[in-house]
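Hi there,

Here is the structure I promised to pass along. Have a look at it first, and then read on for my notes.

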Amino acid sequence: MSIPFLQTIGFQEKFQQDIQCCAASARCGELMQHSSFTGMLSTETAREAVQKLYEEIGEDPDGVLMLTLQLLAVEKKREEPGTLWHILTQRGDTAEETRRRPKETGFSGQRVFEETMGCFPRFVREYRHSYGHDGFDRWGWTIRQINGTLVRLGALEFEFSPWDHRVYIHIPGGADLSADSIADSLRQEIRFAEAYEPDFAGKDLHCESWLLSPVLRQFLPEGSRILAFQNLFDITETNPEDNAYLEWAFGLAPGQIEHAELSVLQESTSLQRSLKQYVLQGGRVGSGAGILKR
């Protein structure tokens, strides 16, 4: 089975070839028959299934086999009538699917699909930044994109969580946090929820992020885009133990964080320098959680 959308979502040509070669392998074909692979295609079983699949894969240098299997899972969802990706890429021809096609709702379905699936090459680039070579380690997160419960709309990602029935805002790496860009994403979420996730339409938008940590106010100037983003939320709680800043502010991969040497953290930006000095003196950056102000 081939994966036709690798180029349009942003994979480099050499890596596309590696993925297609892996997809055509006997080992990949064998694993696609496992219940753990098909279990990834349902939100009810995806969390347990992807962990089981990871264990069944065994030796997988840099995660390329898992990456390939997840991309094949996306293609399976595109082939399944009634699913979000089937509808948005205009493959459906039932009356209900025709009614819900993007041209009726003001969306470019192909664009939403490609920008959402752009997480896969982005995660490969982030892995390369952390380790110096290509790889993939976010397989526990991307079950959301596979099943269409998380979509990217402009700068931001929105998760319509089937697990706790909340809507979450996520900030992808490298996102444009300008006021206009954020406002555009929030407008898109309203229209998207009304068209494709009516059970979530009008619900509060939650966000949990190191960008909402009140500690950042000590280091960032007025006019900072991060502070402007913070100001959009009523902060409801903080978690001083959260160390996600090491991943997002300093570029460490999840597997590097536990044994991170704080004294050698990079200092390329003024924020990095300030945060590094702060944590070396015993400070904790943590994170915050909030609800978007209406």
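What covers the buried residues of α15? Before I answer, please keep in mind that this is a predicted model. The cover includes α12 (225–230) and α13 (245–248). The residues in question are Leu271, Gln272, Leu275, Lys276 and Val279, in a helix that spans residues 270–280. They sit on the same side of α15, because the arc they cover around the axis is only 125°. After the helix comes Gly282, which has a positive phi near 100°.

Strand β1 (residues 150–153) is covered on both faces. Leu150 and Arg152 are buried on one side, and Val151 and Leu153 are buried on the other. Its partner is β2 (residues 156–160), and the two strands pair in the antiparallel sense over 4 bridges. Leu150, for instance, has Glu159 of β2 as its bridge partner. Between the strands lie 2 residues, and Gly154 in this hairpin adopts a positive phi near 75°.

The axes of α1 (residues 13–23) and α5 (residues 64–79) come within 9 Å and cross at roughly 80°. An angle of 65 to 115 degrees counts as roughly perpendicular, so that is how α1 and α5 lie to each other. From α1, the residues Phe15, Ile19, Cys22 and Ala23 meet Val64, Leu65, Leu67, Thr68, Leu71 and Leu72 of α5. Sorted by class, this contact has 9 nonpolar residues, 1 polar residue and no charged ones.

Terms used: Residues numbered from 1 in each chain as written. Predicted model: local features only at pLDDT ≥ 70, side-chain atom pairs only at ≥ 80, totals over all residues. Heavy atoms only, no water. Buried < 20%, exposed > 50% of the residue type's maximum accessible area, 1.4 Å probe, protein only. Arc of directions from axis to C-beta. Contact = heavy atoms within 4.5 Å. Pairing = 2+ DSSP bridges. Axes fitted to C-alpha atoms, helices over the stretch in contact; angles between N-to-C directions. Parallel < 35°, antiparallel > 145°, perpendicular 65-115°, else oblique. Nonpolar A, V, L, I, M, F, W, Y, C, P; charged D, E, K, R; others polar.
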